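Thanks for coming, everyone; please have a look at the structure on the screen, and I will then walk you through its overall build and two of its residues.

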Amino acid sequence: MEKEQIMTPESKADATWLAALEICGFINFSEVARKYFGRTSQWLTQRLHGNIVNGKPATFKPAEADTFALALRDMAATLLRAAERIEKAPN
């Protein structure tokens with residue numbers, strides 16, 4: 001497996017965008033928006049991409065960025081539990 005070169009974020013917004021970029025191929029952002037934010041996928045996508053909403057770029061508030069980080073940790077824990085369940089199951 002080849003080592004990936006990851007950019008160093010300069011802000012919480014950069015770090016959030018980079019995290020989303022890394023996982024976009026295997027995460028259902030619609031479900032993330034609903035489950036962790038109580039919002040639509042469009043709301044989440046607008047913030048991840050900095051779309052112009054009401055005349056200014058949409059961004060995550062600091063607490064929302066923290067919620068996104070917690071969501072990633074929750075999903076990671078769920079994936080680890082699922083992998084462990086498979087590994088521990090009898091043949």
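The protein has four helices and two strands, where helices (H or I, at least four residues) and strands (E, at least two) are DSSP runs numbered from the N terminus, and along the sequence they follow the pattern α-α-α-β-β-α. This is a predicted model, in which local features need pLDDT of at least 70 and side-chain atom pairs count only at pLDDT 80 or more, while totals for chains, interfaces and linings use all residues. Residues are numbered from 1 along each chain as its sequence is written, and side-chain values use heavy atoms, with hydrogens and water left out.

Of the 91 residues in the protein, 23% are buried, meaning under 20% relative accessible area with a 1.4 Å probe and protein chains only, whereas exposed is over 50% and partly exposed lies in between.

Let us turn to A19, which sits in helix α1, residues 12-23, and is buried, with a relative accessible area of 16%. Leaving aside its neighbours within four places in sequence, A19 is in contact with F68 and L72, contact here meaning heavy atoms within 4.5 Å. A19 and A69 are 50 residues apart in sequence, yet their C-alpha atoms are 8.7 Å apart in space.

My second residue is E64, placed in helix α4, residues 62-88. Beyond its neighbours within four places in sequence, E64 is in contact with F37, W43 and T59, and a polar atom of the E64 side chain lies 2.8 Å from the backbone nitrogen of K61.

Notes. Polar contact = N/O pair within 3.5 Å; in protein donor to acceptor, adjacent residues only side chain to side chain.
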